[in-house]
Amino acid sequence: MRFHTRKWVKPEDLNANGTLFGGKMLAWIDEEAALYSIVQLENSRVVTKYMSEINFMNSAKQGDIVEIGIDVVKFGKTSLVLKSEVRNMMTRETIISIDNITMVNLGEDGKPKPHGKTQIEFIEDRLKK
């Protein structure tokens, strides 16, 4: 799992129990999945189609730093399937895991469009071309 983004849990991110609000964390994950997909598919028109079961394992509290990890499960014809894990950066405890996030590549008409990608590409590899 590659951890790309860190977030600092601030007072406005908390729920009534004083822990990180799940909806806030899901928004962070969705944004990270979109950004990752946009870079991989080289297209800014990418949308979230599906998120599988969300497994909340531990909580985070104010002041914690959480890391959002993303890995590719598979490349589809018009989609990219990802998995995600959010963990506490200091303790390495998993806070949440999602096994399947399906992102769809769109054309200018807003309909699914084949992306032609079959494997993860790194920016440094593209720069060598």
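1. Strand β1 (2–8) and helix α1 each contribute at least two residues to the lining of the largest pocket. Helices (H or I, at least four residues) and strands (E, at least two) are DSSP runs, numbered from the N terminus. The model is predicted: local features need pLDDT of at least 70, side-chain atom pairs count only at pLDDT 80 or more, and totals for chains, interfaces and linings use all residues. Residues are numbered from 1 along each chain as its sequence is written, and side-chain values rest on heavy atoms, with hydrogens and water left out.

2. The lining of the largest pocket consists of R2, H4, Y36, V39, Q40, I120, E121, F122 and I123. Its largest share, three residues, is supplied by α1. By class, five lining residues are nonpolar, two polar and two charged; here Ala, Val, Leu, Ile, Met, Phe, Trp, Tyr, Cys and Pro count as nonpolar, Asp, Glu, Lys and Arg as charged, and the others, Gly among them, as polar. The space in the largest pocket is about 150 Å³. On a 1 Å grid over the protein atoms alone, a pocket is an open set of points where a 1.4 Å probe fits, with protein on both sides within 12 Å along at least five of seven lines, and lining residues have an atom within 4 Å of a point. Grid points are joined across faces, edges and corners, and the volume is the space filled by probe spheres set on the points.

3. The largest nonpolar core has 24 residues, and M25, I29, V66, L82, V86, I101 and M103 have the most contacts inside it. At least two core residues come from each of α1 (22–41), β4 (65–75), β5 (79–88) and β6 (94–105), and α1 gives the largest share, seven residues. Such a core is a set of buried Ala, Val, Leu, Ile, Met, Phe, Trp, Tyr and Cys residues joined through side-chain atoms within 4.5 Å. Buried means under 20% relative accessible area, exposed over 50%, and partly exposed in between (1.4 Å probe, protein chains only).

4. Neighbours within four places in sequence aside, V66 is in contact (heavy atoms within 4.5 Å) with T5, R6, K7, V9, W28, A60, V86, R87, M89 and I95. M103, in strand β6, is buried, with a relative accessible area of 0%. Not counting residues up to four places away in sequence, M103 touches A33, A34, S37, V46, V47, T48, T78, S79, L80 and L82.

5. Strand β6 is mostly covered, with 10 of its 12 residues buried. Pairing requires that DSSP find at least two bridges between two strands. Strand β2 (residues 46–51) runs antiparallel to β6 and is joined to β6 by five bridges; T48 stands opposite M103. The pairing of β3 (residues 54–56) with β6 is also antiparallel, over three bridges, and I54 has I98 as its bridge partner. Between β5 and β6 there are eight bridges in the antiparallel sense, with V81 opposite T102.

6. R92, in the loop between β5 and β6, has a positive phi of about 65 degrees although it is not a glycine. The hairpin of these strands has five residues between them, and R92 is partly exposed at 47% relative accessibility. E42, in the loop between α1 and β2, has a positive phi near 55 degrees and is likewise a residue other than glycine.
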